[in-house]
Every structure is written in structure tokens, then in C-alpha cells.
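Work through the exercises below with the sequence and the model at hand. Each task is followed by a stepwise solution.

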Amino acid sequence: MDPGAELVGPNGWQGPGWTAPAPGSHHYPEVRGGALIALFYLPAGRISYDIRPSRSAAAAA
């Protein structure tokens with residue numbers, strides 16, 4: 001949605017593109033630099049957000 005928006009994942013901050021975290025990885029998605037749309041392709045059909053966000057995400061909330 002915003003050209004400068006980035007999403008953070010297990011490989012750090014990233015602009016448009018593809019990222020594939022390892023199975024069982026634990027990270028909390030965060031965005032900076034604007035709004036974006038994230039698509040999740042889940043081979044096993046599961047995703048869970050039952051982990052605690054990082055301190056930066058908690059401070060922004």
C-alpha cells in the first residue's frame with residue numbers, strides 16, 4: 001500500500017518480496033514505514049500468534 005513499508009521477520013526488515021521462515025519459527029510480524037498487505041501461504045494450514053510481541057511492538061501499541 002505504501003512503497004516504503006517494510007515487514008520484519010526472522011531475516012530482519014524487508015520490503016516487497018518473499019520470505020520463508022523455518023517451520024516452528026517464532027517471530028511477531030511488525031511493519032514500519034507505512035501500511036502494507038501481507039499474504040501468508042501456510043502449507044500446513046496453521047498459524048499462531050500466541051507468543052509475546054517484541055518490546056518495540058508492545059511500545060507502539
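The accessible surface of the protein chain is about 5,100 Å², and carbon and sulfur atoms hold 57% of that area; areas come from the Shrake-Rupley method with a 1.4 Å probe, and for residues only the protein chains shown count as cover. The model is predicted: local features need pLDDT of at least 70, side-chain atom pairs count only at pLDDT 80 or more, and totals for chains, interfaces and linings use all residues. Residues are numbered from 1 along each chain as its sequence is written, and side-chain values use heavy atoms, without hydrogens and water.

**Exercise 1.** Determine the order of the elements and of the strands in the sheet.

Solution. Step one: list the elements, which are DSSP runs numbered from the N terminus (helices: H or I, at least four residues; strands: E, at least two). The protein chain has one helix and three strands, in the order β-β-β-α from the N terminus.

Step two: find the pairs, where a pair requires at least two DSSP bridges between two strands. The three strands make an open antiparallel sheet ordered β2-β1-β3. Because β2 (12–14) and β3 (30–32) each have a single partner strand, they stand at the edges, and one side of each lacks a neighbour in the sheet.

Step three: look at one pairing in detail. Strand β1 (residues 6–9) and β3 run antiparallel and are joined by three bridges. Within β3, Glu30 is the residue opposite Val8.

**Exercise 2.** Which side chains meet in a salt bridge, and which strands do they lie in?

Solution. Step one: apply the rule, a side-chain nitrogen of Lys or Arg within 4 Å of a carboxyl oxygen of Asp or Glu. The count is one salt bridge, between Glu6 and Arg32, at 2.7 Å from N to O. Since Glu6 lies in strand β1 and Arg32 in strand β3, the pair ties together parts 26 residues apart in sequence.

Step two: classify both residues by relative accessible area (buried under 20%, exposed over 50%, partly exposed in between; 1.4 Å probe, protein chains only). Glu6, at 23%, is partly exposed, and Arg32, at 39%, is partly exposed too.

**Exercise 3.** Is Trp18 buried or exposed, and which patch does Trp18 belong to?

Solution. Step one: Trp18 lies in the loop between β2 and β3. With 63% relative accessibility, Trp18 counts as exposed.

Step two: Met1, Trp18, Ile37, Leu39 and Tyr41 form a nonpolar surface patch with about 740 Å² of accessible area together.

Methods:
Patches are made of residues with over 30% relative accessible area and no salt bridge: like charges are joined within 9 Å, nonpolar side chains (Val, Leu, Ile, Met, Phe, Trp, Tyr) within 5 Å.
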